[in-house]
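Dear colleague,

Please find the structure below, together with its sequence. My notes on what was found in it follow directly after.

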Amino acid sequence: MMRARPKNFAFLVGLLVATFAAGLIGSLATAENVRSWYPDLAKPQWTPPSWLFGPVWTALYIAMSVAAWRVWRIAQDGERSRVIVLYGIQLSCNAAWSILFFGLRRPDLALVDIAVLWALIVFALIRFWRADRLSGILWAPYVLWVTFASALNGAIWWLNR
């Protein structure tokens, strides 16, 4: 069993802070338009209720951070950098989606962004699974949620073109 040094826990805290900061950026882009613009869009019947998104993203952000941290902990020096770069890029795409979809009211551009995000997180899932099965398990709900979100984004774009 691997024993984490205190600095490793500091890195986990840093990942959590970075992840929730990206979420905050997304929330700032979302806040106004989720009340003024989004309710008037045509949406498929399988659209989840608005209250579900906050708890789901909170759980996902924690799981994502822990998964990346676990892989970072066991990775060799060069691989550690690649894990963090991949994590940062996907996190940027994650935040950009909210800006594109809600902030700019562009479901079409958000659909392109979420396709890139999906590819990045599937790639991360494969790498994480190979490095540490528990990290792969922690990352899998993120892939599933973004797969669902991609379908929802696509349906909203299609219904409102």
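I begin with R105, which counts as partly exposed because its relative accessible area is 40% (buried means under 20%, exposed over 50%, and partly exposed in between, with a 1.4 Å probe and protein chains only). This is a predicted model, in which local features need pLDDT of at least 70 and side-chain atom pairs count only at pLDDT 80 or more, while totals for chains, interfaces and linings use all residues. Residues are numbered from 1 along each chain as its sequence is written, and side-chain values use heavy atoms, with hydrogens and water left out.

R105 sits in the loop between α3 and α4; helices here are DSSP runs of H or I with at least four residues, strands are runs of E with at least two, and both are numbered from the N terminus. The phi angle of R105 is near 55°, a positive value in a residue other than glycine. For context, most residues other than glycine have a negative phi.

Salt bridges

The structure holds four salt bridges, each defined as a side-chain nitrogen of Lys or Arg within 4 Å of a carboxyl oxygen of Asp or Glu. One of them joins D132 and R70, with the closest N and O atoms 2.7 Å apart. D132 lies in the loop between α4 and α5 and R70 in helix α2, so this pair ties together parts that are 62 residues apart in sequence. Both D132 and R70 are buried.

Another salt bridge pairs E79 with R82 at 3.1 Å, N to O. These two residues lie three apart in helix α3, about one turn of the helix. E79 is partly exposed, with a relative accessible area of 23%, and R82 is also partly exposed, at 47%.

D108 forms a salt bridge with R106, the closest N and O atoms being 2.6 Å apart. Salt bridges that share partners join E79, R82 and R127 into one network. D108 belongs to helix α4 (residues 107-131) and is partly exposed at 28% relative accessibility, while R106 is partly exposed at 35%. Between D108 and Q45 there are 63 residues in sequence and 20 Å in space, C-alpha to C-alpha.

Nonpolar core

The largest nonpolar core has 41 residues, and those with the most contacts inside it are M64, F101, F128, W139 and Y142. Helices α1 (6-36), α2 (53-74), α3, α4 and α5 each supply at least two residues of this core. By definition, such a core is a set of buried Ala, Val, Leu, Ile, Met, Phe, Trp, Tyr and Cys residues joined through side-chain atoms within 4.5 Å.

Leaving aside neighbours within four places in sequence, W139 is in contact (heavy atoms within 4.5 Å) with M64, A67, Y87, Q90, I121, A124, L125 and F128.

N153 and its surroundings

N153 lies in helix α5 (residues 133-159) and counts as buried because its relative accessibility is 2%. Apart from neighbours within four places in sequence, N153 is in contact with W97, F101, P107, A110, L111 and I114.

Nonpolar surface patch

I25, I99 and L104 make a nonpolar surface patch of about 250 Å². Patches consist of residues with over 30% relative accessible area and no salt bridge, with like charges joined within 9 Å and nonpolar side chains (Val, Leu, Ile, Met, Phe, Trp, Tyr) within 5 Å; accessible areas come from the Shrake-Rupley method with a 1.4 Å probe, and for residues only the protein chains shown count as cover. I99 belongs to helix α3 (residues 77-103) and is partly exposed at 34% relative accessibility.

With kind regards
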